[in-house]
Amino acid sequence: MYATVADMTARFGETQMLRLSRPEDRTAETVDEVKITTALLDATAVIDGYVRGRYLVPIAVPPKEIVRAACILARYDLAQGEHTDPSEEMAKSRKDVITWLESIAKELIHLDVPAAAPAGAAVGSGPRMSDRERIMSPDSLRGF
């Protein structure tokens, strides 16, 4: 998971996290950490889907821009419910993050994280030779 409940609260404020994690309970005093964590896990999966071809996932030490992207995607998901809808600002922020992730996937933007191994560099792949004795040879075919 690239962000935490504390990251979400620091970025968007406790009041907004309360309203998004418990939209039906206006008297709640604590955020629903399970709901926020689920949204963050979903956001992490989306991010991994875009960066998987270029970087090792999960990113062990995510840079600040990945943490920010996870928070924005999670906030948008939290705002989609039967009692709430994402604001225009949330939708625009999500769209900007998706465009940014697409740019990473297209290799237009580079992150300072370990790159994935190039295709075909996996252990056991590539050309192989066999040194078994030939069954058919010019000598064994002589006379046919």
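## Lys 92 and Asp 96

Lys 92 forms a salt bridge with Asp 96 (a side-chain nitrogen of Lys or Arg within 4 Å of a carboxyl oxygen of Asp or Glu). The closest N and O atoms are 2.9 Å apart. This is a predicted model; local features need pLDDT of at least 70, side-chain atom pairs count only at pLDDT 80 or more, and totals for chains, interfaces and linings use all residues. Residues are numbered from 1 along each chain as its sequence is written, and side-chain values use heavy atoms, with hydrogens and water left out.

Both partners sit in helix H5, four residues apart, so about one helical turn separates them. Helices here are DSSP runs (H or I, at least four residues), numbered from the N terminus; strands are E runs of at least two. An α-helix has 3.6 residues a turn, so residues three or four places apart point the same way. Lys 92 is exposed, at 52% relative accessible area. Asp 96 is partly exposed, at 40%. The cut-offs are under 20% for buried, over 50% for exposed and in between for partly exposed (1.4 Å probe, protein chains only).

## Arg 75 and Glu 89

The structure holds two salt bridges. Arg 75 pairs with Glu 89 in the other, where the closest N and O atoms are 3.0 Å apart. This pair links distant parts of the chain: Arg 75 lies in helix H4 (residues 64-79), Glu 89 in helix H5 (residues 88-105), 14 residues apart.

Glu 89 counts as partly exposed, at 44%.

## Helix H4

H4 has 16 residues.

H4 is mostly covered, with 12 of its 16 residues buried. Among them are Ile 66, Ala 69, Ile 72, Leu 73 and Arg 75. The buried residues of H4 pack against helix H1 (5-12), helix H2 (14-21), helix H3 (33-51) and H5.

Val 97 is found in helix H5. Val 97 is buried, with a relative accessible area of 2%. Leaving aside neighbours within four places in sequence, Val 97 is in contact (heavy atoms within 4.5 Å) with Arg 68, Ala 69, Ile 72 and Leu 73.

Ala 69 and Val 97 are 28 residues apart along the chain, yet their C-alpha atoms are separated by 5.9 Å. Ala 69, Ile 72 and Leu 73 are buried residues of H4.

Note on methods: Expected span 1.5 Å × (residues − 1).
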